[in-house]
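Work through the exercises below with the sequence and the model side by side. Try each task before reading its solution.

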Amino acid sequence: LSLDRNSLLELPSTLGDLQRLRVLRVEDNGLKELPPELGISPALEEVLVQGNPLKVPPPEVVRQGTRHMLDYLRRIVDFQRNNLCDLSSTCLADPELPEYVLRQRSLATLLLNDNRLEDLDAGVTRLQGLTFLDLSGNLLRHLPPPLLALTALQVLKLGGNDIDAVPGEIARLRHLRHLSLEHNPRMQYLPPTVGLLTDLSVLEVSRCPLRSPPPDVILAGPQAIVDYLGRIYQASSSGELFLENFDMLSSHADMLDPQVKALTGLNVLSLASNKFQELDPELGLRLTHLRELYLRANFFRELPEELVGMGRLAVLHLDQNELRELGPWKR
């Protein structure tokens, strides 16, 4: 069927019902969309669309040829039937989502993984029923702000990008159960507000060079991470931080979490029941308001020199350590 060089603005969906249609030529028209039904046309082998301002399929898909165009259109048909939109591995680079997707307010699952996206269409905020969003394997350098409006999300996959940080506003996604951030090589911190995501049972952060939380907490799993970050979040307002029973060591580059050292207004700090053998050298310089310090049940063999600079310290617990002598410590 050849319809080249006309003034066509749309094609009928019934073209997909032509059982013996093998070649469709519609070059040099005004088409913005091809009917999704072409994707399930049984005999169609070649579709020629040059010279049309197509948005569906998008130009990056059109450039790959007929097979990719028909696959894209077939996914639209599947989406209409299953309430699942799969646009993964379609070489998408334009963050603008097709209008047919944004019209589906009840859409539950959106797969955009393994494309070339650097951002996300602000129109995605119309999809308030979305519970599963996969953006892994793209070119994201930040968490797209529209994501933070999708408050029904339960699964969010962002692995394999280049995201440098998770914003504190992630706490808006209070129903999250699964958050994948693995293989983001610039990500060094998880914000304390992750501690407010109490439904989180899967948190994937492998191959991220995280400095906070520390490695020992990460190894303990998602519940430990949420608990740990939640305590830091609460301490920012209470002035009291209890990081007990996390099996933390003092053998890493940062002996104490940088986000803990940033809490310069702390009055009470407990590191009891961990595996510390020494204190971070910056502790006395950063936490100058500290009045109570609990170091019970660790592995200190001598009185930490860092205590000398804590001029306001009134309570110190060092019981159940391995102290042999106190040394010439002065206040």
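**Exercise 1.** Is tyrosine 228 buried or exposed?

Solution. The model is predicted: local features need pLDDT of at least 70 and side-chain atom pairs pLDDT 80 or more, while totals for chains, interfaces and linings use all residues. Residues are numbered from 1 along each chain as its sequence is written, and side-chain values use heavy atoms, with hydrogens and water left out.

Step 1. Take the cut-offs: buried means under 20% relative accessible area, exposed over 50%, and partly exposed in between, with a 1.4 Å probe and protein chains only.
Step 2. Tyrosine 228 has a relative accessible area of 0%, so tyrosine 228 is buried.

**Exercise 2.** Describe the aromatic pair in the structure.

Solution. Step 1. Rings of Phe, Tyr and Trp (its six-membered ring) pair if their centres lie within 6.5 Å; planes under 30 degrees apart count as stacked, over 60 as edge-to-face and the rest as tilted.
Step 1. The structure holds one such pair. Tyrosine 228 and phenylalanine 246 lie 5.4 Å apart centre to centre, with 90° between the planes, and the pair is edge-to-face.
Step 2. The pair links distant parts of the chain, 18 residues apart: tyrosine 228 belongs to helix 5 (residues 222–238), and phenylalanine 246 to the loop between strand 9 and helix 6 (258–261). Helices (H or I, at least four residues) and strands (E, at least two) are DSSP runs, numbered from the N terminus.
Step 3. Phenylalanine 246 has 8% relative accessibility, so phenylalanine 246 counts as buried.

**Exercise 3.** Check the span of helix 2 (residues 66–82) and find what its buried residues pack against.

Solution. Step 1. The expected span is 1.5 Å times one less than the number of residues.
Step 1. For the 17 residues of helix 2 this gives 24 Å, and the end C-alpha atoms are 24 Å apart, which agrees.
Step 2. The buried residues of helix 2 include Met69, Leu73, Ile76 and Phe79. An α-helix has 3.6 residues a turn, so residues three or four places apart point the same way.
Step 3. Contact means heavy atoms within 4.5 Å. The buried residues of helix 2 pack against strand 2 (46–48), helix 1 (59–62), strand 3 (84–86) and helix 3 (99–102).
Step 4. Just after helix 2, asparagine 83 has a positive phi of about 60°.

**Exercise 4.** How many disulfides does the structure hold?

Solution. Step 1. A disulfide is a pair of cysteine sulfur atoms within 2.5 Å.
Step 1. The structure holds zero disulfides. For cysteine 85, the nearest cysteine sulfur is that of cysteine 91, 16 Å away.
Step 2. Cysteine 85 has 2% relative accessibility and counts as buried.
Step 3. Cysteine 91 sits in the loop between strand 3 and helix 3. Although not a glycine, cysteine 91 has a positive phi of about 65°.
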